[in-house]
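My notes are below, as numbered points to read alongside the model.

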Amino acid sequence: MSAQRRTPVVRSDYGLPYSKGLMAQSIMATGLSPERSFALAAEIERRLTGAGAAEVEVEHLRAVAEEVLTGEEGLDVVKRFRQWWRVRRLERPLLVLIGGVTGVGKSTVATQLAGRLGITRVIATDQLRQVVRAFFSHDFMPAVHHSSFDVAAALRAYSDDDSGTVAGFLRQAHDLAPGIDALAQRAVSEGTPIVLEGVHLLPEIPDPALRKQAIDVRVLLTARDERTHRAHFHARGATTPRGPDRYLEAFQRIRVLQDYLIERAEREGIPIIDEAGIDPVLARVTEVVLEAVGAEG
C-alpha cells in the first residue's frame, strides 16, 4: 500500500503547510463565493500533493493557483487574483475609506473586506469620536458628544432644519479630522494598509496631501430606498443591544445627511454603491479596491 502523500510546506517566512482555508480566503477576494473558493483551494491542494514535493516555493504556489483559476473560472478571475496578490507587495500602503450614514452596512463591509484582503487594521470614525469625547468636555467640544445626526437637535447653535442638521454634522466631522489624519499618517509612515469606515469621511477628510502618499480608495455606501434603509435598523435591533427606536426617530435627519453625502460624492467622482444585500455590496467594493491596486501597477 502506497504511503499517503502529505500537503507540501510553503517556503515563506513561516514555513507552514499549505492551507486550504487561507487559499480559499485569497480566492474569495476575486468575488467568488466561499463554497466555490474552498473547492478551488482543494483542487490546488490536490495538484500540489500530486506533484509529490515536500516543499513548494510561494511563486510556484501562485502559478499553480493561477493555472487552476484559469482553467476553472477564466481570465477575469485570474486578473483579480493577481491584483489581490499585489496588495501585500505595494510600495505605497493601501488606504480604503468607506463612507456612509448609519444603517447602510459600513461596519460589516469593512470587516469582511479587510478579511478578504488580509488587512488587520479596521477602524471606525465613531470609535475615534468615543475617544475624543473622553478627553474633551462637552463645554470645550460639544459636537463630538452627540451622534452625527443629532448635533443640531442637541445644540442651540444650529437651526432646527435640514441646513442645521448638515451644519452640525460638518462641525463634528471637522472636529474629528485631526484624529482621522493621524490614523492615515501612521498608516503611511509604517507602510501598513488600513480600512477606515464612517460617516465623517468627507472628500477633504483625511487630508488630500496625506492620501497622495497612499493608494487612496474611497467609496460611499448608500441605501436610497427608504424602506430598505428602515429595514436595516430593524435588523440591527434584532441582533445587537442597540434598539432601532432612536435611529427611526432620527430617520429623516439621517436621510438628510445621506442626501448631502451623495451630492458631495457625485461632485467629487466618488463611487456610490447602493446594492441589495451585503454580498453584492462587498463584491463591488472589493472590485473597486482591486481595480485601484491594478492601476497602481
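**Notes on the model**

1. Salt bridges overall. The count comes to 21 salt bridges, where a salt bridge is a side-chain nitrogen of Lys or Arg within 4 Å of a carboxyl oxygen of Asp or Glu. Please keep in mind that this is a predicted model, in which local features need pLDDT of at least 70 and side-chain atom pairs count only at pLDDT 80 or more, while totals for chains, interfaces and linings use all residues. Residues are numbered from 1 along each chain as its sequence is written, and side-chain values use heavy atoms, with hydrogens and water left out.

2. The pair in α2. Glu-43 and Arg-47 form a salt bridge, 2.9 Å from N to O. Both belong to helix α2 (residues 34–51) and sit 4 residues apart, about one turn of the helix; helices here are DSSP runs (H or I, at least four residues), numbered from the N terminus. Glu-43 is buried at 19% relative accessible area, whereas Arg-47 is partly exposed at 30%. The cut-offs are under 20% for buried and over 50% for exposed, with partly exposed in between (1.4 Å probe, protein chains only).

3. The pair in α3. Here Glu-66 meets Arg-62 in a salt bridge of 3.0 Å, N to O, and again the two are 4 residues apart, in helix α3 (residues 58–72). Glu-66 is buried at 11% relative accessible area, while Arg-62 counts as partly exposed at 21%. An α-helix has 3.6 residues a turn, so residues three or four places apart point the same way.

4. Arg-186 and Glu-190 form a salt bridge with their closest N and O atoms 2.8 Å apart; both lie in helix α8, about one turn apart. Glu-190 is partly exposed, at 39% relative accessible area. Elsewhere, salt bridges with shared partners join Glu-43, Arg-46, Arg-47 and Glu-67 into one network.

5. More on α3. After α3 comes Gly-74, with a positive phi near 110 degrees.

6. The core. The largest nonpolar core has 86 residues, a core being a set of buried Ala, Val, Leu, Ile, Met, Phe, Trp, Tyr and Cys residues joined through side-chain atoms within 4.5 Å. Helix α8 (residues 162–190) gives the largest share, 9 residues. Met-23 is among the residues with the most contacts inside this core. Leaving aside neighbours within four places in sequence, Met-23 is in contact (heavy atoms within 4.5 Å) with Tyr-18, Ala-41, Ile-44, Leu-61, Ala-65 and Phe-81.

7. Where α8 meets α12. The axes of α8 and helix α12 (residues 251–268) come within 9 Å and cross at roughly 70 degrees. Axes are lines fitted to C-alpha atoms, for helices over the stretch in contact, and angles run from 0 to 180 degrees between N-to-C directions. The two helices are therefore roughly perpendicular, the class for 65 to 115 degrees. Residues of α8 at this meeting include Phe-169 and Leu-170, and those of α12 include Tyr-260 and Leu-261.

Definitions and conventions
Angles under 35 degrees count as roughly parallel, over 145 as roughly antiparallel, 65 to 115 as roughly perpendicular and the rest as oblique.
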